[in-house]
2 protein chains.
Amino acid sequence: MKKRGEIKKFYHYSFPMQAALVTCKKPNDGVNAITVAWHTPLSKKPPLYGVSIAPSRYSHGLIEKSREFVVNFVPFKLVDKLQFCGSRTGRKTDKIKETGLTLDESEYSDTAFIKEAYSHLECKLYDSKKVGDHTFFIGEVLNVMYEENSFKQNLINLEQVEPSFYRGGKTYTSCKKDIKKF
Amino acid sequence: MKKRGEIKKFYHYSFPMQAALVTCKKPNDGVNAITVAWHTPLSKKPPLYGVSIAPSRYSHGLIEKSREFVVNFVPFKLVDKLQFCGSRTGRKTDKIKETGLTLDESEYSDTAFIKEAYSHLECKLYDSKKVGDHTFFIGEVLNVMYEENSFKQNLINLEQVEPSFYRGGKTYTSCKKDIKKF
């Protein structure tokens, strides 16, 4: 039997979705990291990736200024870092320092990436659009890096990597190793 | 050790992502169904949901004409239907008939939804934007429905429902029942 969901929580009915950690360059040094679940690939040529961020978030202004960001995919064993970076503001906290995550220099961007991520996309701001109460930042992907053995022929190796999915509220899950292949 | 991924397959490095079945009204009767992995919530107020679709796809023109679509979330046991609807064109095939999926009338839309879906979002076209080689269709969510017991307090009940995730190529996976709660 079908029941009606709460419209103000409509997005929960599309979860779980991957929880990614977006790094954004701070004006002087270092980066802020924000956990996002509202993000998607958009185009192949050029390679475009979109992330929806509320204007109130510290990262929103950082991306507007630096005009770049990195999308980092972090394994489930570090899910407590994702929860931390999704629930604190970088205005008051150095989230990288607090979480103990480590940074490394991106090759195609001035925004550092998270070393513990099993893959990351280095993006230059291509366009942005106000969409309702959020801004949809569209990045052109200039570089893709991954941790050795975590992908095989461009496909994630679920024997090696456990991705992090956000289920809503303060809850997360991961995906099965089993693959259905057609 | 970090390795470089193929930029033309950048989106695989963000997978797995939920494979959703988007229904689009045909000009006369019935719907076409297209499997998408490039989709995301965008805004709370108004409630907005975005789907990226290539102009070559039959569904692209259907959404442009009808100015609505429904995002259906289908359980993993029907993953063969997802693969079918992602790899065939509705120009030549009645995908609903071929897959044996069943339709029911939406309450807030003229586009039918998939009865076998455990949740669906009825969307009216709010805006669309050409983004690289795809069109990003932004729908305002007018109604959210779910199958009884598949959600509890707006959160998916993974004891009852096994969502479908696309891993790239012709491969799929699902998510674990275990939940990490903070």
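Which residues is B:Arg57 in contact with, leaving aside its neighbours within four places in sequence? In this predicted model, they are B:Ile34, B:Cys85, B:Gly86, B:Arg88 and B:Arg91, where contact means heavy atoms within 4.5 Å. B:Arg57 itself is found in the loop between β6 (48–53) and α1 (58–66) of chain B, helices being DSSP runs of H or I with at least four residues and strands runs of E with at least two, numbered from the N terminus. With a relative accessible area of 26%, B:Arg57 is partly exposed; buried means under 20%, exposed over 50% and partly exposed in between, for a 1.4 Å probe and protein chains only.

Because the model is predicted, local features need pLDDT of at least 70 and side-chain atom pairs count only at pLDDT 80 or more, whereas totals for chains, interfaces and linings use all residues. Residues are numbered from 1 along each chain as its sequence is written, chains are lettered from A and ligands numbered from 1 in the order in which they are written, and side-chain values use heavy atoms, with hydrogens and water left out.

**Cysteines.** One of the contacts of B:Arg57, B:Cys85, counts as buried at 0% relative accessibility. A search of the whole structure finds zero disulfides over all chains, a disulfide being a pair of cysteine sulfur atoms within 2.5 Å. B:Cys85 is in no disulfide, since the nearest cysteine sulfur, that of B:Cys24, is 11 Å away. In chain A, the sulfur of A:Cys24 is 11 Å from the closest cysteine sulfur, in A:Cys85, which is too far for a bond, and A:Cys24 is buried at 0% relative accessibility.

**Helix α1 of chain A.** The buried residues of this helix (residues 58–66) are A:Ser59, A:His60, A:Leu62 and A:Ile63. They lie on the same side of α1(A), because they cover an arc of only 165° around the axis, the arc being that of the directions from the helix axis to the C-beta atoms. These buried residues pack against β3 (20–25), β4 (31–36), β6 (48–53), β7 (68–73), β10 (119–131) and β11 (134–147) of chain A. After the helix comes A:Arg67, whose phi is positive, near 55°.

**Aromatic rings.** Over all chains, a search of the whole structure finds 22 aromatic pairs; rings of Phe, Tyr and Trp (its six-membered ring) pair if their centres lie within 6.5 Å, and planes under 30 degrees apart count as stacked, over 60 as edge-to-face and the rest as tilted. Two of these pairs are tabulated.

| Pair | Class | Centre to centre | Between planes |
|---|---|---|---|
| A:Phe165 and B:Phe165 | tilted | 4.5 Å | 45° |
| B:Tyr146 and B:Phe151 | edge-to-face | 5.7 Å | 65° |

The pair of A:Phe165 and B:Phe165 crosses between chains, from strand β14 (residues 165–168) of chain A to strand β14 (residues 165–168) of chain B. Both B:Tyr146 and B:Phe151 are buried.
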